[in-house]
Amino acid sequence: MSSVKMLQSRLNGILFRLMFDEHVNNIKPDIMAVTLACEELKKSESFSKLLELVLFLGNYMNSGSRNAQSLGFNISFLCKIRDTKSSDQKTTLLHFLAEICEENYRDILKFPEELQHVESASKVSAQTLKSNLALMDKQIQRLELDIKNFPKTEDEHDKFVEKMSSFAESAREIYEKLSNMHNNMNKLYENLGEYFTFDPKVISIEEFFGDLSNFRTLFLEALKENNKRREMEEKTKRAKLAKEKAEREKLERQKKKQQLIDMNKEGDETGVMDSLLEALQSGAAFRDRRKRTPRGQGFFSEPLLKHLNCAYGGKFIRKSIIFY
């Protein structure tokens, strides 16, 4: 190996060529994610309406204070909406905001779909992206310099210069494209800072899109929690109605049962009195006195009189008997 010319340069070039696609895959997706996130955020009408609604709610809540009638707010405030809770501590301002959107501003509910690349953009480190591009440029420059300084060889099997020259040209083209994409990404982010009135040099890409991604997640969770709460309230309401219905049916059954008992009692007493009057009118009560059972055991037995006394009163029975 000691006889191989510029061995270290060869190995560095070969290693860079083997790792080049991996370098590209580490840089390009991040640039694309931030670029698409910037474009989506700038074009999203639903998100703009959401910010308008949040500003309106904030001004309403701050009415009468020095913060009333504000013209705007820091976009990082979106994640803090959840910290404002109701008096019973069960819901937050974010739940209220999501509920208002569901009831009156359903177009705003589309903003999570319109900001699909916000989450991936929140994972991008602008500093790391810049360093990776700078490292790629440095490695390409070193390879180009090694090719330029590589001594001529008479070995026809030595294809290092030929192969690496072609790769260096291709790598340079890819780097220039990535660099242009990166510059365009930075310009879009700066325009976004001007649009939302924040300093892109102070607030990093990772921080800005991280806040938006968190708010997007929290908003979707609030929608789900609102739906669960409504389902629980509906379930509780149905259970309450079912319980009330069961109680009403139970009372109705008891009432009907009592009515039947009262009707049976009235029917028995009426039937006994009707039979008595019928026997007296027909004279059956006075016929064949010799065949009557011993006193106290006949039609006017003591239990029967007691029963009639209880049902119609003693005076009525005694008068009837004396009269006949």
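Residues are numbered from 1 along each chain as its sequence is written. Because the model is predicted, local features need pLDDT of at least 70 and side-chain atom pairs count only at pLDDT 80 or more, while totals for chains, interfaces and linings use all residues; side-chain values use heavy atoms, with hydrogens and water left out.

**Exercise 1. Overall make-up**

Task: State how many helices and strands the protein chain has, and what share of its residues is buried.

Solution. 
- Step 1. Helices (H or I, at least four residues) and strands (E, at least two) are DSSP runs, numbered from the N terminus.
- Step 2. By that count the protein chain has ten helices and zero strands, and the order from the N terminus is α-α-α-α-α-α-α-α-α-α.
- Step 3. Buried means under 20% relative accessible area, exposed over 50%, and partly exposed in between (1.4 Å probe, protein chains only).
- Step 4. Of the 324 residues in the protein chain, 30% are buried.
- Step 5. Contact means heavy atoms within 4.5 Å. Among contacts in the protein chain with a separation of 6 or more, 77% join residues 24 or more positions apart.

**Exercise 2. H1 against H7 and H6**

Task: Classify how helix H1 (residues 7-43) is oriented to H7 and to helix H6 (residues 126-149).

Solution. 
- Step 1. Two packed helices are described by the angle between their axes and the distance between the axes. Axes are lines fitted to C-alpha atoms, for helices over the stretch in contact, and angles run from 0 to 180 degrees between N-to-C directions.
- Step 2. Angles under 35 degrees count as roughly parallel, over 145 as roughly antiparallel, 65 to 115 as roughly perpendicular and the rest as oblique.
- Step 3. H1 and H7 pack at about 25 degrees with axes 9 Å apart, so they are roughly parallel to each other.
- Step 4. Nonpolar residues are Ala, Val, Leu, Ile, Met, Phe, Trp, Tyr, Cys and Pro; charged ones are Asp, Glu, Lys and Arg; the others, Gly among them, are polar. The contact of H1 with H7 has 22 nonpolar, five polar and six charged residues.
- Step 5. The axes of H1 and H6 come within 10 Å and cross at roughly 150 degrees, which makes H1 roughly antiparallel to H6.
- Step 6. The H1 side of the contact with H6 includes Phe16, Phe20 and Ile27, and the H6 side includes Leu133, Met136 and Ile140. By class, this contact has ten nonpolar, six polar and three charged residues.
- Step 7. A crossing is left-handed if the near helix is turned anticlockwise from the far one by less than a right angle, and right-handed if clockwise. H1 crosses H7 in a left-handed sense, and the crossing of H1 and H6 is left-handed.

**Exercise 3. H2 against H3**

Solution. 
- Step 1. The crossing of H2 and H3 is right-handed.
- Step 2. H2 contributes Leu50, Leu53, Val54, Leu57 and Met61, and H3 contributes Leu93, Phe96, Leu97, Ile100 and Cys101. The contact holds ten nonpolar, no polar and no charged residues.
- Step 3. Beyond neighbours within four places in sequence, Leu53 contacts Leu97, Ile100, Cys101, Tyr105 and Ile108. The C-alpha atoms of Leu53 and Leu97 lie 8.4 Å apart, across 44 residues of sequence.
- Step 4. Outside four places in sequence, Ala98 contacts Phe219, Ala222, Leu223 and Asn226.
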